[in-house]
Amino acid sequence: MKKTFVLTMMLFSILAFSQSKSGAKQFWENLQKQCGKSFEGTVTEGAENDTFRNKKLLMHVRNCNENTIRIPFFVGEDKSRTWVLTYKNDRIQLKHDHRLEDGSEDKVTQYGGTTSNSGSPTLQFFPADQQTTDLIPYAAVNVWWITLDHTSFTYNLRRIGSDRLFTVNFDLTKAVATPAAPWGWKD
């Protein structure tokens, strides 16, 4: 009887553990909860002369489906940037979609990386991928990461081997008015 109980509990533990959601899946589901909302941000790390510091920073979790989330990131009147997150095979990919004012692709666009593991529900790391290395050789040592909890979303960039560090923090407790479409999008 005791052996049966122990074996039953072990089997239950294995089944319960195998059915829990991965860090990537939890992160993804938490980010999807922000879909349709916009938030203002502030630079918390970066060079003192960073041109982002004196501009209004706005992110809009504008477009969400099962496997893709698009987040336009406005810097003042510049509506050229969109973070594109894709969920596939328990990994998340981050790409930077840069557009010109007429909506066409910038010559430096679609760079980023894919997580090397499922990460955690509140943190995902994106080391530069080969496409990024080919497009922007000095960015081969870039690592981006996003943190997400109930109160904030932070976008971070670190260039390994240098002093380059950039962080912008968005307050998720204070949604702001939805902005117009970014360059290259139609409402």
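Student: Let's start with Asp97: buried or exposed?
Tutor: Asp97 is buried, at a relative accessible area of 10%. Buried here means under 20% relative accessible area, exposed means over 50%, and partly exposed is in between, with a 1.4 Å probe and protein chains only.

Student: OK, and what kind of model is this?
Tutor: It's a predicted model, where local features need pLDDT of at least 70 and side-chain atom pairs count only at pLDDT 80 or more, while totals for chains, interfaces and linings use all residues. Residues are numbered from 1 along each chain as its sequence is written, and side-chain values use heavy atoms, with hydrogens and water left out.

Student: Which residue does Asp97 form a salt bridge with?
Tutor: Arg99, with the closest N and O atoms 2.8 Å apart. A salt bridge here is a side-chain nitrogen of Lys or Arg within 4 Å of a carboxyl oxygen of Asp or Glu. Arg99 is partly exposed, at 22% relative accessible area. Glu105 joins Asp97 and Arg99 in a salt-bridge network.

Student: How many salt bridges are there by this rule?
Tutor: The count is 6.

Student: What about Asp129?
Tutor: Its side chain meets that of Lys95 in a salt bridge, 2.7 Å from N to O. Both Asp129 and Lys95 are buried.

Student: And Asp78, which residue is its partner?
Tutor: Arg81, with the closest N and O atoms 3.2 Å apart. Asp78 is partly exposed, at a relative accessible area of 24%, whereas Arg81 counts as buried at 18% relative accessibility.
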